[in-house]
Amino acid sequence: MNDVLLANDWEGRQRMDEKYDVIGDVHGCFHEFKNLTVRLGYDWASGLPVHPDGREIVFVGDITDRGPESLTMIDVTAGLVEKGFGRYIPGNHCDKLYRWMIGRPVQVSHGLECTVRDLNTLPLKKRSDIMQTFIRLYEQSPLYLILDDGKLVVCHAGIRGEDIGRPVGKRLRSLLLYGDTTGKTDAHGRPERRDWAKNYHGSSLIVYGHTPVGKPRWKNRTVNIDTGCVFGGSLTALRYPEEETVSAVSSMPFTADSFRSFSD
Ligand SMILES: [Mn+2]
């Protein structure tokens, strides 16, 4: 009898305990992604990172562009999602790559040219396979994730407390993919952004990326884990429910101008 109860309890706990490693913007930095997941205890023997404790990888988007191995990241991400070992939401780069793949007119710039170049070096069959894989991944992915009964929210660039749980309309879609932009540009010609995290007073932890910062930036119950791996910073994971960050140093050249600093 005790054994049965223990077994049920154990099964219940396996279902209830949601454990995630949320990964910041990878931008084709497969080498750093692999290093980081190994440090987090993932086993690559199957060709995909699998955790012995059933932890799941969650990507905040922007897995491709700029970096050296965007196509490998597409394969790995799609493989994890297909097998139920991981989750993914698209970032603005993913959205643009998708639109390019389905033949929409987009500017092949800001790192998309690297992914397109990599695709164009492949034999036609392989090129078509990877495009189908990415199109399928993108089309089946939500723009944000509500996990652990709402205690954890993952988005690419931003969300407001009152948006959580709401269907995604045009305004929310833009906030999720691009952040809270003013429509103006700053001295570097980059979109001027409002600090939405400053105005967030909810209790769910919001994990996001999109804006490269020197180290993970905590503000209220939000954390930006885009530590600019492709710009020579590091690739960061937020371990949940532990709420601790782990970063793997980047092998890419450091470009200080790519990082934002906040006055808080
Ligand atoms: Mn982004």
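## Overall build

The chain has 7 helices and 12 strands. Its radius of gyration is 19 Å, close to the 18 Å that the globule rule gives for 264 residues, so the chain is as compact as a globular protein of that length. The model is a predicted one. Along its principal axes, the C-alpha trace spans about 65 × 50 × 35 Å.

Buried residues make up 52% of the 264 residues. Among contacts in the chain with a separation of 6 or more, 59% are between residues 24 or more positions apart.

Strands of a sheet pair through backbone hydrogen bonds, either parallel or antiparallel. In this chain, an open sheet of 5 strands shows mixed pairing, and its order is β3-β2-β1-β11-β12. The edge strands, each pairing on one side only, are β3 (86–88) and β12 (244–249). From one strand to the next, the twist averages 20 degrees.

Ile23 has Phe59 in β2 as its bridge partner. Helix α2 (residues 30–39) lies across β1, β2, β11 (234–240) and β12. The helix runs at about 135 degrees to β12.

## Salt bridges

Side chains of opposite charge can pair when their charged atoms come close. The count for this model comes to 21 salt bridges. One of them joins the side chains of Arg55 and Asp21, with 3.0 Å from N to O. Arg55 lies in the loop between α2 and β2 and Asp21 in strand β1, so the pair ties together parts that are 34 residues apart in sequence. Both Arg55 and Asp21 are buried.

Another salt bridge is formed by Asp163 and Arg171, whose closest N and O atoms are 2.9 Å apart. Asp163 is buried, because its relative accessible area is 1%, whereas Arg171 is partly exposed at 46%. In the salt bridge between Glu243 and Arg221, the closest N and O atoms are 2.9 Å apart. This pair links distant parts of the chain, 22 residues apart: Glu243 is in the loop between β11 and β12, and Arg221 is in the loop between β9 (217–219) and β10 (222–224). Glu243 has a relative accessible area of 28%, so this residue counts as partly exposed. Arg221 also counts as partly exposed, at 28% relative accessibility. Elsewhere, salt bridges that share partners join Asp21, Arg55, Arg239, Glu242 and Glu244 into one network.

## The manganese site

Which residues are the protein donors of the manganese ion? They are Asp62 (OD), Asn92 (OD1), His156 (NE2) and His210 (ND1), lying 2.1 to 2.2 Å from the ion. The spacing of these donor residues in sequence is D-x29-N-x63-H-x53-H.

Conventions:
Residues numbered from 1 in each chain as written. Predicted model: local features only at pLDDT ≥ 70, side-chain atom pairs only at ≥ 80, totals over all residues. Heavy atoms only, no water. Pairing = 2+ DSSP bridges. Helix = DSSP H or I, 4+ residues; strand = E, 2+ residues; numbered from the N terminus. Axes fitted to C-alpha atoms, helices over the stretch in contact; angles between N-to-C directions. Contact = heavy atoms within 4.5 Å. Salt bridge = Lys/Arg side-chain N within 4 Å of Asp/Glu carboxyl O. Buried < 20%, exposed > 50% of the residue type's maximum accessible area, 1.4 Å probe, protein only. Donors = N, O, S within 2.8 Å, 3.2 Å for Na, K, Ca; no water. Rg over C-alpha atoms; globule rule 2.2 N^0.38 Å.
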